[in-house]
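My notes follow in the order in which I looked things up.

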Amino acid sequence: MATAHKLIRVIWYVLKNEVFCLDPETDESAMVHRNAPRWIRMLKKHGIDPTAVPAAN
């Protein structure tokens, strides 16, 4: 019970203060390069054109 309470407090703090931590040893560009084809396929599957440029307001 104490562990669950501590976890909830940490999650609440992160969400409330918009504090996010990125691992300095993680290469995000490699992750994006590896996952981008799958993301594009899923967008197309759901009828979203990933190459479309949003209209300016």
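**Ground rules.** I am working from a predicted model, where local features need pLDDT of at least 70, side-chain atom pairs count only at pLDDT 80 or more, and totals for chains, interfaces and linings use all residues. Residues are numbered from 1 along each chain as its sequence is written, and side-chain values use heavy atoms, with hydrogens and water left out.

**Whole chain.** I looked up the secondary structure and found two helices and zero strands; helices (H or I, at least four residues) and strands (E, at least two) are DSSP runs, numbered from the N terminus. The radius of gyration, taken over C-alpha atoms, is 18 Å, well over the 10 Å that the globule rule gives for 57 residues, so the chain is more spread out than a compact globule. That rule is 2.2 Å times the number of residues to the power 0.38. I noted a C-alpha trace spanning about 45 × 35 × 25 Å along its principal axes. Of the 57 residues, 2% count as buried, meaning under 20% relative accessible area, with exposed over 50% and partly exposed in between (1.4 Å probe, protein chains only).

**Helix α1.** I checked the length of α1: its 16 residues reach 23 Å from first C-alpha to last, close to the 22 Å expected at 1.5 Å a residue. The expected span is 1.5 Å times one less than the number of residues. The number of buried residues in α1 is zero, so this helix lies largely in the open. Just after α1, Glu18 has a positive phi of about 50 degrees.

**Leu7.** I placed Leu7 in α1 (residues 2-17). Leu7 counts as exposed because its relative accessibility is 51%.

**Helix α2.** I ran the length check on α2 (residues 28-45) too: its 18 residues should span 26 Å at 1.5 Å a residue, and the end C-alpha atoms are 25 Å apart, which agrees. The helix bends by about 45 degrees at Asn35, and Pro37 follows within four residues. I take the bend as the angle between axes fitted to the seven residues ending there and the seven starting there. After α2 comes Gly47, with a positive phi near 80 degrees.

**Asn35.** Is Asn35 buried or exposed? Asn35 counts as buried, because its relative accessibility is 18%. I also looked up its separation from Asp49: 14 residues in sequence and 17 Å in space, C-alpha to C-alpha.
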